[in-house]
Amino acid sequence: MLTPDYLLQLFAYNQWANLRMLEAANSLSLQDLKRSHGHSWDSIHGVLVHMMAAEWIWLRRLQGQSPKALLSPDEFPTIEAIRMRWSTVSANIFAFIREQDAQSLQQDVHYRNTKGKPFTLTAWKILVHVANHATHHRGELAAMFAMIGAPHEEDDWLYFFMQTGN
């Protein structure tokens, strides 16, 4: 059974890895940041906003709300704007997890997706999905960075463990 302590470590890693992607993106020109790559959320900027917005919407669902739309990339024109909002979202996720116990993590969460379709998932499954979702998109970002010749730091769990001593 997953524990709040495990999820706190998972999200510490998630935040650490996401910050590495933001740091890499921060060194790009606006042209490279918004260059269309023709897949996923189209650009490095689009993927970063999507990742942050996905964390935001899933937290809202865990809190009993069902937003009708993700946050728009237009609301976050710069890496600093993304970083500021994501910092708040991350802090709220950590606060949510700290409020949980083994029993509450087993509770069903009822929500509607952005198209209004109802779903039910267990809280811990949502939280694990959020971290896994970010891993998927960090892989896409790594490919986009490679395509434009932009360096980025490794973001594997092992690097997190070695760097942070966790």
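**Salt bridges**

I searched the whole structure for salt bridges and found four; the criterion was a side-chain nitrogen of Lys or Arg within 4 Å of a carboxyl oxygen of Asp or Glu. The model is predicted, so I kept local features only at pLDDT of at least 70 and side-chain atom pairs only at pLDDT 80 or more, while totals for chains, interfaces and linings use all residues. Residues are numbered from 1 along each chain as its sequence is written, and side-chain values use heavy atoms, with hydrogens and water left out.

Asp155 and Arg138 meet through their side chains at 3.3 Å, N to O. This pair links distant parts of the chain, with Asp155 in the loop between α5 and α6 and Arg138 in helix α5, 17 residues apart. For burial I used relative accessible area: buried is under 20%, exposed over 50%, partly exposed in between (1.4 Å probe, protein chains only). Arg138 is buried at 2%, and Asp155 is buried at 13%.

Arg35 and Asp32 form a salt bridge at 2.8 Å, N to O. Here Asp32 counts as buried at 18%, whereas Arg35 is partly exposed at 32%.

Glu80 and Arg83 have their closest N and O atoms 3.3 Å apart. Both belong to helix α4, three residues apart, about one turn of the helix. Glu80 is partly exposed at 42%, and Arg83 is partly exposed at 21%.

**Helix α4**

I then took α4 itself, residues 79–98. Helices here are DSSP runs (H or I, at least four residues), numbered from the N terminus. α4 has 20 residues and reaches 28 Å from its first C-alpha to its last, close to the expected 28 Å; the expected span is 1.5 Å times one less than the number of residues.

Which residues of α4 are buried? I list Ile79, Ile82, Trp86, Val89, Ser90, Ile93, Phe94, Phe96 and Ile97. Seen down the axis, they fall within an arc of 150° and so line one face of α4; the arc is taken from the directions from the helix axis to the C-beta atoms. The buried residues pack against α1 (4–26), α2 (30–33), α3 (44–62) and α5 (123–148), with contact meaning heavy atoms within 4.5 Å. On the other side of α4, I found Met84 and Arg98 exposed.

**Surface patch**

Last, I noted a nonpolar surface patch of Leu158, Tyr159 and Met162, with about 350 Å² of accessible area together. Patch residues have over 30% relative accessible area and no salt bridge, and nonpolar side chains (Val, Leu, Ile, Met, Phe, Trp, Tyr) are joined within 5 Å, like charges within 9 Å. Areas come from the Shrake-Rupley method with a 1.4 Å probe. Leu158 sits in helix α6 (residues 157–164) and is exposed at 57%.

Terms used
Helix = DSSP H or I, 4+ residues; strand = E, 2+ residues; numbered from the N terminus.
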